[in-house]
Structure formats: C-alpha cells, structure tokens
2 protein chains.
Amino acid sequence: MKIIENGGVCTPLGFSSAAVAADIKGNRSGKLDLALLVSEIPCEVVAVFTKNRVKAAPVVAAMEQLKKVAKFSGIIVNSGNANACTGKQGIEDYKTITNSFAKKFGHPEDRFLMSSTGVIGVRLPVDKIIKSFDELIDKMDDEDDEFTRAIMTTDTRPKKTAVLVETPKGVYVIGAAAKGAGMISPSMATMLSFITTDVAIKKDKMQEILSNVVEKSFNSITVDGDMSTNDTVFLFSNGLSGIVLTDDEEIRQFEEALLYICRYLAKEIVLDGEGATKLVHITVKNAKSIEDAKTCAFKIANSPLVKTMFFGSDPNWGRLMASIGASLIDINPDTIDIYFNDLKYVENSSLIDPSLEKKVHDIMLQKEYEIIIDLKIGKGSSSVMTCDFSYDYVKINADYRS
Amino acid sequence: MKIIENGGVCTPLGFSSAAVAADIKGNRSGKLDLALLVSEIPCEVVAVFTKNRVKAAPVVAAMEQLKKVAKFSGIIVNSGNANACTGKQGIEDYKTITNSFAKKFGHPEDRFLMSSTGVIGVRLPVDKIIKSFDELIDKMDDEDDEFTRAIMTTDTRPKKTAVLVETPKGVYVIGAAAKGAGMISPSMATMLSFITTDVAIKKDKMQEILSNVVEKSFNSITVDGDMSTNDTVFLFSNGLSGIVLTDDEEIRQFEEALLYICRYLAKEIVLDGEGATKLVHITVKNAKSIEDAKTCAFKIANSPLVKTMFFGSDPNWGRLMASIGASLIDINPDTIDIYFNDLKYVENSSLIDPSLEKKVHDIMLQKEYEIIIDLKIGKGSSSVMTCDFSYDYVKINADYRS
C-alpha cells in the first residue's frame, strides 16, 4: 500500500468532481458550498448512516434509494444547510434536486444521490441549487481540491487522502474526502465522508467491510459526545481498474487499505475538532468485554472534566478514576493501573510516586499522547481518539447561530 | 410549611456546629476546611451515596458504619481533599480520625461519621485534622454559617436553608446545607448535603423517603454530566421536637417538606455550577416511559452543543432535535413539539414560524427558563435542571490542579 501525495476522491480512475459557490446560506459569502462527484461509468455504492433517531431528509432518502437502485452516477453535496427537520418537504426537495440534475446530465432520474451538512430546520434553497447545475457541469475535472473545500463547515482545513494498492492482478486506488469538526461522537456525528475506488468487490462484501471499518475508525472518535442527524460514509466503486477482488487475502488487503484511509480521516477530524489543541488516545485494556472497554473509553473521552484537564495539561488522575467509575462497567476499584504513554503513573488504583507528576505533565504538553487504563479483570480492549475542550470550543459553539 | 430566614443545619433543636481552618490542602490559605456537626442526643442517620463504581474511602466506610451502628453523635466534614483513591490507607485514616474524635468527645468510638470533598488521590493530613479537634470543640455553637462555608470547594457561595412544619402534634424543623459546583450529574456528583431534623420517623421509612426525594431533586440536575466518587446526602434525625410521625398524611407532609429542601439546594447547586450563567429546566413529556423521558432529558441537558447554545442564547432548535434523536429512546421523529416557556416554537418537528425566533431569543436571554419537548407518543414525563457552558467553565477546570 502506497500513500498518494495530495490524493483524494478523484485519484481512482474515472472519477471527476466540481464545486461552486451557490450561496446556500444566503449570506453571499462566496464560499464554495455545492459540490459534485461523478463516475465515468455507473458505480456500486454502499454506505453507513447515522444512528441518530432524528435522521435528516438526505439520510432517509438515500437509505431508500440505495435499496432500490443498483448503480449510481454520482452524488451532489452541499454545505451550509443540513436539510434536517424539514419534514416531507425535505424529502421532496431532495428528489427535485437529484432528479433534475440527473435529467440535465442525461442519466436516468434516480441515478444521483445527495448529501447535506449545515444548519438544521431550514429548507434547502432548491432554485439556487438547480440554477448552479450548468456551472457545476462546466467545472467538472479530475481535481478534487475544490470538492473537498466545498463540503467543509466549521472545519478549518480540508481532509483528503488516497492510497494505491498493489496486487498480483495489478494496482487499484482508494481515494477519500471528509468533513468533520464538532459534534463528532460514537456515531460519526456531523461527519460526511466520500470514498471512491476503481476496484470491484461483491456488493454485500463491500458493505460488510465498510461497516467493520467505520466501527474501528469514525465510530471510535469523539469531539463532544454529540451525534448528528446527517452523518454518512459513502463508498463508490466503479471497477475501472479492471481488478475484481475475490479471494480472502485480496479482500483482507482491501479492508486494511480502507481502514488506513478511514483512520487517517478520523484522526484528521479529531485534530480539527472545534477548538481542539491536542489529540488524546484513550485505551481501556483488560475489561470484562470489548463492549465494556468501549463504554469506559467513551465515558472518559467525553467527560468535560477530563477534556478540560487535557487542555490544562493537568495530571489530575482522580478525574480519570471518577470517569472510570462513572461508566458503571464492571471493575475492581482496587486494581486499576494508569499509563501516560509508556509511563506507569497509577498502580492498583494508587499513585506510584508523586514525583512522577512533572514527567506526566510534560507528556500532557505534547500535541498527541495516549492514556492507557489497565483494569486487570478480563480480556476486552478498546481505543478511542478524543481532543481537549478549550475556550475556543465554547466560543465557536456559543456564537449566535454558529 | 414555612421557610425559615437564614436557616441551616443548626436550626432544628439540638444541633450544633463548628468549623476551623485546618490547612487541609497545605497551602496556608486560611480557608475554613474542617467542620463538625453534632447532635445533643444520639441521632438516627440515613443516607444516599454515589453510584460511581470508584467510591471514596469515606463513602465505603460510612456505608459500612451505617449498617453496624444504630445511633450517631454527628459528623466531621473536610473540604480540600476527597480521601478517594487512597486504598486501604484511606479507610484506616477515616477510622483513625473518627475514632479519635469520638474519644476526645467522650463518646463510643464508632459514633462519628466523616465526609470529604476535594482533590482525589492524596492522603488526608490526619495529624493536622486531629490537632484541630480542640479548636473545633471550643467553637461549637448553634450557628451554621461557618459549617456551610467550610464544606465549599469551587462553590462561589454557601447553600443552606430550613423549613418549619406545623402538625396537630406541634411543630418540627428540617435544616440543610449543601456543597456542589462542577461534576454535578445524574448521580449527585461532587455533591455533599447534610440534612438535620428534630422530628422522628421509623428508620426504614426515613430511608425510603430520602431515596425518593433525592431521585427527584439531586439526581435530576446536571452541570457537566460527570459523577463523583464522594457524593452523599445524609439525613440526621434526633427527635428532640418530641414529635413522632406515624400516619400517612404526616409522612406525606414530611416528604413534601424534604423535597422542597432538596429541590431548593439542587437548584442552588446548578445556579452555582462552574461558570454557569443561567439555569434551564428541560422537561420531556409524553415519552413511552418515565425512564425514556429521563434518558432524553439528560441527553439534552448534558450535550455540550446544547449547553454552549444556552450560553449564546441561540434558538438553534436543530441541536435539540439532534440530541433527542441521539438519546436513542423510542420517538416518532415527525411528531415532536418544542416549547420555550409557554411559547410553542416547533410543531410536528417543523418550525412554526421563523419570525418567532426573536421572541425565543428573548426568553433565552433570561436567567432561568424552561424548554418543553412534547414527544406525543406516550405518557412518560421527566424534568431535569441544567446550566449553560461558558468560557469560565473551561477556565475553572483547565487551570492546573483546580
């Protein structure tokens, strides 16, 4: 597997993209806010959607569409408006936009998907979007920088990557772009990710692999414990490399490459969390079960007291102990070890040596470090990526209609 | 029921208190940090403790003691050190202190309880505490201002109250003091409350009433969703009013008075939440069950995105919808109504009229208001008090060893 410098959704064969400023928010900011991703030949598409019980119209509509339609031409994506809590009108708007784009493009009307991110509860400006179609089609090329910028909301930087995988049958490519920032949590909140590949795999298998990989990447990060109405990871496969993956080893290799892509983007999302200044890996080891370990790691990773402690680089391990206990999983409160990177700071729930505090503080000043909680009562392990809570998190989110 | 102006733990007959500066933290701040509450005659004591699986030594020790000892003389309370994550040594320190105080006081050695709050993971300064006993005993009187101040940590103001209840048998009094601020959550985190009364009730009944009342007051508030290792609510009853409550109506009246006391203190704790600038009541109505309503109300009340929106007085109702969905309770995503006080803003999951935004914004500028979520699918209701997340929350909690 090779990482492709500056790769993105257009790196695999046959994918093009475009982006325009359609003034979705109506504030004439000139920001790129409407994007298009198209495959030269129809693609198979699989996806993982938010678990939130309040699902935005594009999530509800795309879930239905994926069940009914075998192959897709591409996807329209807008930022600035989530098309969420817009009732039946939201679904109608989705259909009006995707059908009319397909028509304009000369394809059957159910061949385009749509994905939205932004403010909740406001209708999409359907006319503005439709008026932008000609410009979008004119701008289509095999660059993906503008696509990646157009999907950003409170993100401070674009997030994209691609890898090339060598097989005895030849090489294929996987590319991806994501938007994140804020509201990122167990279920991928306000996170959109678009992954493209020119390799072919059986669709059921592709869905299974994507679900597994999302669980280990996007669903193992948290910025503030919230989960949005719109989160989706799409995987588009057009098979243009001519390679069809069939045997177990080939598929394992694809899963590994996809996991690399998704972990890379997930980490970028945490690093760009609203107001985040550092990335902390929380690993819970030797819990009674994997599920217990995950519950505990997320409880720690989402605790505002823990996250403000990260911001202050304060080795206040009592807050970790309190969070472990508050997760309500089975523990032995007297056998807990805590490490900061490789440094053991707490053994059997007691401080080893107060003079280690300075060393722990130095570790906590780093931009990225790991905290390992060893519960010593079972075999379940899980790891979560989180960020700190800073003044800027409050500022970004308290601004009137951020 | 009459509210007694400036009442507190010493207002019921036969209770005295005292507080001294014992330099528990070792920083010579001169802050009152060691307090004593004593009853003239032995009391019955019931309590509700933290559900955190990591319980501080004073919680573990007091739970044991309450099972073994029938009547108590009083309680020693310190701030500045939680005696948590201190292992067996912590339990030994608890016993050394309480036994030696009882001896000094001339009572059987298991007659005093102890309660602690403050930093986790550091041993109590046992010698300093024991050395302060003479001064504590000298200062004992029927004032409770200093007691209430001594138990404060990041609290910005003391919290106390008392009520007088008239019955055909005569009058009795209930008094109370509490400390809160930060880490306040479903299970009363870093919250200590001491309630005294001169009325007598059968002990089993008293425990049942206290548990009910705590569920409806201290366990229905949240500052940051964290739950501490030390939270406890104690109720001391010495019966000195000569009144014994036996019939159902009398007991109902007592429960009502106790609920008033606990709700008053719970509200004070939220209002004094770390960095809080306003108090918001979150009521979820017509959920499938009371449990569902409570899960949903807490999910909203603990969401950093919702809490920063309160700070910014931004009617961004989409964040409420996203939190409702993220609570994963049963809902119909198309039938949700949202009120700000009496103003209906959202009907059947859609905005009624965008021009109401100004009115909602004005409500959100108030120091205290209510948000009602009507799910319209069942009969379960629950209400939670929360506060906003401000810059100061981050400041208070990010300071090195706050």
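In chain B of this predicted model, Cys296(B), Lys299(B) and Ile300(B) of helix α8(B) meet Leu320(B), Ser323(B), Ile324(B) and Ala326(B) of helix α10(B), where contact means heavy atoms within 4.5 Å. The residues of this contact of α8(B) with α10(B) divide into five nonpolar, one polar and one charged, a division in which Ala, Val, Leu, Ile, Met, Phe, Trp, Tyr, Cys and Pro count as nonpolar, Asp, Glu, Lys and Arg as charged, and the others, Gly among them, as polar. Helices here are DSSP runs of H or I with at least four residues, strands are runs of E with at least two, and both are numbered from the N terminus.

Two packed helices are described by the angle between their axes and by the distance between the axes. Helix α8 of chain B (residues 290-302) and helix α10 of chain B (residues 317-326) pack at an angle of about 135°, and their axes are 9 Å apart; axes are lines fitted to C-alpha atoms, for helices over the stretch in contact, and angles run from 0 to 180 degrees between N-to-C directions. The helices α8(B) and α10(B) are therefore oblique to each other, since angles under 35 degrees count as roughly parallel, over 145 as roughly antiparallel, 65 to 115 as roughly perpendicular and the rest as oblique.

In chain A, helix α8 (residues 290-302) and helix α10 (residues 317-326) pack at an angle of about 135°, with 9 Å between their axes. That angle makes α8(A) oblique to α10(A), and the crossing is right-handed. The contact is formed by Cys296(A), Lys299(A) and Ile300(A) of α8(A) with Leu320(A), Ser323(A), Ile324(A) and Ala326(A) of α10(A).

Another helix pair in chain B is α6 (residues 203-216) with α7 (residues 248-271), which pack at an angle of about 40° with their axes 9 Å apart. This makes α6(B) oblique to α7(B), and their crossing is right-handed. Among the residues that meet are Ile209(B), Leu210(B) and Val213(B) in α6(B) and Phe254(B), Leu258(B) and Leu259(B) in α7(B). By class, the residues of this contact of α6(B) with α7(B) are eight nonpolar, one polar and four charged.

Turning to the loops, Gly8(B) lies between β1 (2-3) and β2 (15-20) of chain B. Gly8(B) is buried, with a relative accessible area of 0%, where buried means under 20%, exposed over 50% and partly exposed in between, for a 1.4 Å probe and protein chains only. Leaving aside neighbours within four places in sequence, Gly8(B) is in contact with residues including Asp144(B), Lys160(B) and Thr196(B). The C-alpha atoms of Gly8(B) and Ile174(B), which are 166 residues apart along the chain, are separated by 8.3 Å.

In chain A, Thr190(A) lies in the loop between β7 (170-179) and β8 (192-197) and is buried, with a relative accessible area of 17%.

Residues are numbered from 1 along each chain as its sequence is written, while chains are lettered from A and ligands numbered from 1 in the order in which they are written. As the model is predicted, local features need pLDDT of at least 70 and side-chain atom pairs count only at pLDDT 80 or more, whereas totals for chains, interfaces and linings use all residues, and side-chain values use heavy atoms, with hydrogens and water left out.

Note on methods
A crossing is left-handed if the near helix is turned anticlockwise from the far one by less than a right angle, and right-handed if clockwise.
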